[in-house]
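Please look over the model below.

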Amino acid sequence: MSPALNPERATDADLAAEIEGSTDESPVSTVLRTDERVLARVTDGIYRQPGSAIRELVSNAYDADARQVVIKTDRPRFQTITVEDDGIGMTPAALAHLLHHIGGSAKRTHEGAELGVTDHADLACSPSGRRLIGKIGIGLFSVAQLTYRFQIITKTASDPWRTVASVVLRRYSDEGAPQTDEHGEYEAGRVTIWREPAADVESHGTTIILTDIRHQTRGTLQSRDIWAAIDSDRALAPEESRDLEPPAFHIGRVRPDDADALQGEGGAYDCLPWSRDDGPDDAFGKLVKAVWQQVDQGIPNPQLERIFDYYLRMVWQLSLAIPAPYVFGNPFELPLQDQLSLFELPKAVKEAPVEFTLADKETVASAKSIGSSVEIGGDFHVLVDDLQLARPLIFTDLPETSHAVKKPILAIGQVREEFDGVLEEFSGGPLEFEVYLMWAPKIAPTEHQGVLVRVHGSSGTLFDPTFMRYQISEQTRLRQITCEIFVSEGFEAALNIDRESFNYAHPHVIYITKWLHTALRRVATIQKRIAADIRQAVRETAAAGQEDALRDVAVRAWREESDDLGAEPPPVEFDDMEDKLIPAQPGAYRFRRKPVFGESERRKTRQDNSTEQKIRAIVQLLAAYGILERLTDQQQERLLAGILEILEASAQ
C-alpha cells in the first residue's frame, strides 16, 4: 500500500505521480485544500447589506466582553463610520494572529485561550464566560462591504501602549495577474502597524474607524434610490405623477450636486419621531411606538420599507440581531396577568396545549421555569448615534382592531433533544431551545410576521415569513403570528458562513422545522376554538340580525379568507377633508371622498347611499384578499374611483 502523502510538503505534481501508480489495492491518501481565492473572495465582502458588516463588528465586540459599543456616523453624509467598544482589546500577539489568519479564528481554540480571546475552562466562551458568536474569523473583514480602508486602534488593560493598524484591503479580481506576494501566497491587503503611548494605562477596548466609504455603499445608506425616485416623480406632469412621498421618518438627505450640503424642506432636513432632548433609550422607544402609531393613523399594515429610510431600517434590523433586552420587556418576564391568553406547548405531539393563567405580578418565567435563554446580553449595550438599541417587539397594550378575537394568544414551549442512539456526526449533537409563538389580530410592522431564530441571543436572519417553508395554506393566520426561537445548545453548525441563512439539510434545522410546523397547527387550532367560542357567545347573547346582500358578501369573504368564523370586516370611512385624518374607529380603512367620488358638482348625481354601500363592500372584499395592503393610499383611491366608473357604466 502506498504511504500517505504529507499534505504540508506534497505538490500537485507529487500527487499526480502517486495517482498514476495507484490501484484499488494501493490507493493514495491525501487531504482536501482550500484555494486562497476563497478567502480572497471573503475579504472582498460576502455580506448582502452594509448593516450586515456593522452587525459583525458588534458581534466581535460582544465576543471581546464589551459592555458598551458606540457606533457613530456623520449621517446623512456617511463619509466615516466609527465603531468603538470597551472590550478586552487585543494584544500585539492577538492582533498579529487576526491579520495573518483570515478564516482561521483563534476563538474556540487552545491558541485563543493563550492569546486571551477565549476562556481556558470552556473554549466556546469568552474570557468572562459569554457564549461566543464568532467562530470562523472573517467578521472584521466584513467591512469590505463598506470600505477598503479602515483603522484598528486597540489596547488591553495595564498596557501603557496602544496598537494602531492601518489596513488597505485588496479588491478581489477573477481576472488579471495573480494577487500574490513573492512567496506565491495571496495578499488580502496591506497593513501598517505602530505602537504609541496611552494616556490611561488601565483603559481597554477596540475602535474601528472606517473611512472612504464606498460610493455604492454611501448611496445605500443615504437612501439615494428613494430620493431619486421622488425627485423624478416630482418632475413629471401632474397627470403622470405617482404622488410619491418621502418615508414617514428619515434622517434627511444630501444635495445631489454637493455631497457635503444637506437638502431640506420647510426649514428641516430630517423627520424623526424623537427629539434632540430625548435620551438614547427614550429615543429608541419612540421609534418603536411610531411604527404602531401608524395603525392608529389609518395604515392597517405598516411596513418598514414605507415608513423608514434605509438608515432607520438598518438600525431596526441591527436591534433585532444583537444580544439585547426588549424595548418594553420580554414576554416571559412581563406581568401579563389577563392581557394575553396563555398556553404551554408540550413536547409530545399527541399531547394537547395546556392553558394556564398567572397570579397578580406573576410572570411566565416564574410560573413555568422558562426564559433563561431569552434575554442574553443584559449587560451589553449598543448605541447608534442618538439611539440605544433594544429588541423592537411589543407584547402588551396593542391597538384594538375589528377582529373577533381581541386578546392576543401566547404559546410557549421548551425542548431538549438528545438524539439518543444517533451518532453525533449524524445528529449534530444535543439541541435545546425555548420558543414563543404570539398570535395577535395585528402584527406590526409586517416584517415581524414570521419566525426568527436566535443562537445564544444573536441572530443574523430576519423574520422568515414562510415559517421555515410551512406549506399548509394558512396565509391570513400566518400574517397574524410572530415567533422567536431561542437556541441555547446546538444549531451553530447549521448556520451558513454569513450567518444570514441556514443549511436546511442539517439535522437541527430539520428538527426545529418539524417542531415549528406542528406548533403552528396547534396555535391555529387554539385560535379557531377561541373564535368559535366567541361566535357562539355572540349568538347566545344577541339576536343575529339580517345582513343585507352586500354585507353578506363582504362578511363571508372575510371569514373564509381569515378562517375565523367570528371575524368582522373592517369599517370603511369616507371623509371630505383633503388631508389624512385618524379614523374614527381603530383599524378602519379611511379614504378622501373627493378622489373616489369626484368633484363636488358631480357628487350628487354619482353618490347615493346604495353606491356608497357598494364601494364599502368592495373595499372590505379587497381587504379580505390582502389586495389593498399592497397599494399606496393614492393607488387605493384611484382603484376605487375606477371601480365606481365601471359600476356606473354597467348601470347605464
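Which residue in β2 does Val-70 stand opposite? Val-70 faces Glu-84. The model is a predicted one.

## Strand β2 and its partners

Strand β2 covers residues 81-85. It pairs with strand β1 (residues 68-73) in the antiparallel sense, over 5 bridges. The Val-70 and Glu-84 position belongs to β2 on the Glu-84 side.

β2 also pairs with strand β6 (residues 205-211). That pairing is antiparallel too, over 5 bridges. Here Ile-81 has Leu-210 in β6 as its bridge partner.

The side chains of β2 alternate. Ile-81, Val-83 and Asp-85 point to one face and are buried.

## Helices α8 and α10

Helix α8 (residues 280-296) packs against helix α10 (residues 310-321). The angle is about 105°, and the axes lie 12 Å apart. Angles of 65 to 115 degrees count as roughly perpendicular, so α8 and α10 are roughly perpendicular to each other.

From α8, the contact uses Phe-284, Leu-287, Val-288 and Val-291. From α10, it uses Leu-312, Val-315, Trp-316 and Ser-319. By class, the contact has 7 nonpolar residues, 1 polar residue and no charged ones.

## Arg-559

Is Arg-559 buried or exposed? Arg-559 sits in helix α15 (residues 549-562). Its relative accessibility is 15%, so Arg-559 counts as buried; the cut-off is under 20%.

Leaving aside residues up to four places away in sequence, Arg-559 touches Arg-535, Asp-564, Leu-565, Ala-567 and Glu-568.

How values were computed:
Residues numbered from 1 in each chain as written. Predicted model: local features only at pLDDT ≥ 70, side-chain atom pairs only at ≥ 80, totals over all residues. Heavy atoms only, no water. Buried < 20%, exposed > 50% of the residue type's maximum accessible area, 1.4 Å probe, protein only. Helix = DSSP H or I, 4+ residues; strand = E, 2+ residues; numbered from the N terminus. Pairing = 2+ DSSP bridges. Axes fitted to C-alpha atoms, helices over the stretch in contact; angles between N-to-C directions. Parallel < 35°, antiparallel > 145°, perpendicular 65-115°, else oblique. Contact = heavy atoms within 4.5 Å. Nonpolar A, V, L, I, M, F, W, Y, C, P; charged D, E, K, R; others polar.
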